[in-house]
Every structure is written in structure tokens, then in C-alpha cells.
Amino acid sequence: MRDDNVGFIKRLLVALPVILSVVAIVLSVITLVGVVDINHRLKSVSLNSYVEQTVVSNNYIVGRSGGNAGNVVTFGSSAEALQAAAEENAIRVYLTFDDGPSSNTGEILDILKRHNVHATFFVNGPASENPGLRPLYKRIVDEGNAIGMHSYSHKYTELYASREAFETDLDKIHSLIYNETGVDTKLYRFPGGSGNTVSRQPMSDFADILHERGYEYYDWNIYPGDRTGKSYPKDAIISGVLENINEYRSAIILLHDSDNHDSTVDALPEIVEGLLARDVRFCVIDENTPVIQQVAY
């Protein structure tokens, strides 16, 4: 081996530890910078994910730029986003009343107005044939409540006899509501609910009719059992609502508004006051409401 080659190898061996040390330092710096950047991004993603998951689960979308449109909520700083998310995290409560208007509707409306809350009324048609009750359709709407269809007749054997019978009834209740209130309602609740076993026709046929017309049907996820009428204890209605409200982020409560539901009227002030004490958010059903259905067709 030539002397100059031997000398080069010796010099390389002497310099090798220094070279390796420099390489190690450079790699450490690169790694540290990468870790800092990753941690920064993880914190950002964690915050944004928290806000998005919280708000989206309440049927809202977080938008970080642009204006508000529909159900889009725009937040500014992270602190504002967290505060807004906390506010949006409140349980949404939808009080709903089926089968009216009736002799009890006026008192129900008085109670709601006194507590400055609103509800959704799924109405039938027979009250329109009573001059004393007919004005209640309009009063429901004029006082800020939502109104929806619950069939005109509420007679299961007629209503669910065929597609044609259902459509005839649907046209009748929709026209009644529009003529009395000016509201072109898109809300429907099936008598007996979408999962009823009374209909001899497939309920999917009737759901198709609703969807073809741009309507949507809503069931419920809290029912305190007041359908049995005035014989059902007031305290059972109250506890049936308040003891189950925390199970849901969006709670659609089914109550009844007919002549024999005095106990429901008696229970309503304590239900509303109990819910207000829990800092819930009272809402009326509209196109942004989470769709709660026994059966989705």
C-alpha cells in the first residue's frame, strides 16, 4: 500500500468521531424542530377537533371564515370557539303536543307564554269544525310556536287504509293549516308514530309520499305516558320527562293536547320550570332539527 493512501486513512480515522458528532448534532436539531412542529399541530388539531365534535354533535357546523348561512356558525378566536361550543352543548328540548287544538290548548299556550318558551303543535282537523276552537290554529303560530300535521282525521282505519286515503287526508290537513295560519308546514307526525303496527299498509309507502312532497316526519325520544288521559297522575308525567332528559343531546318530548288531558296541563308548569332550572335550550322543530324517528324509511 502506498504511503499517501495510508496517511489518508489515518487522517480519516482521526476525523471520523468529529464527523459523526456533527452529524448527530444536526440530526438532533432536525428531530427537535420536527417534534416542536408536530406538538404545535397536535395541539391545534386537538382544539379544533374538540370544538368541531362538540358543535357538530349538536347539528351545527363550525366555519372559520365567511359569513353565517343556514346552520353554519362562524367563530373567531379559540377562546371564543370554546365558549360558543359550551353554549351549543346545552341540551336542546323540543316540547311537542299532539291531537289539538282542544279546550286545553289555550291554557297550554298561556303557560308557554308565561315562561317565555315555545313548542311544536302537531294538529288534527276536527277543531276547525268548532267555531270556538278554530282560532287556536292561528294563535299557536302567532305566539311563536311551530305547527305541524298530525293527520286531519286521526282515524287509523281510514288514514292508513291506502296510499290514496293517506294522500287525501294529508292534502286536507295541509290546506287547513295553510288557510288558517299562512304557514306552508313541512312537518308531519304519524298518528301512532312511524313504527306503529296498526297500519295494514307498509308505513314506508306513506313516508315516501311525505318525502316526495318535501315533508319530513318526526317521532319522539321522551314520552311520559300521558296518552291515557286525565287518569294518568300528574307527578308521573313530570318525572317521566325530568328523569330522562339528561339521556339525550336533542330531546323531543311527546305530550298530548286534547280535551281529556287535564293532567298534562297541570304538569306542564313544573315540567317547564324543571327544565329551565337545568339550563336547557328550548327549540321548535324546523328543518335544522335532528330527525328522530322510530323507523327511518
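Which side chains meet in a salt bridge with 2.4 Å from N to O? Select Asp171 and Arg213: their side chains are the pair. A salt bridge here is a side-chain nitrogen of Lys or Arg within 4 Å of a carboxyl oxygen of Asp or Glu. Asp171 sits in helix α6 and Arg213 in the loop between α7 and β7, 42 residues apart. (Helices are DSSP runs of H or I with at least four residues, strands are E runs of at least two, and both are numbered from the N terminus.)

Before you click on, remember that this is a predicted model, where local features need pLDDT of at least 70 and side-chain atom pairs count only at pLDDT 80 or more, while totals for chains, interfaces and linings use all residues. Residues are numbered from 1 along each chain as its sequence is written, and side-chain values use heavy atoms, with hydrogens and water left out.

Glu167 belongs to helix α6, residues 163–181. Arg213 is partly exposed at 28% relative accessible area, and Glu167 is partly exposed at 27%. (Buried means under 20%, exposed over 50%, and partly exposed in between, using a 1.4 Å probe and protein chains only.)

Next, pick Asp98 and Arg189, a salt bridge at 2.8 Å, N to O. Asp98 lies in strand β3 and Arg189 in the loop between β6 and α7, so the pair ties together parts 91 residues apart in sequence. Asp98 is buried at 2%, and Arg189 is buried at 0%.
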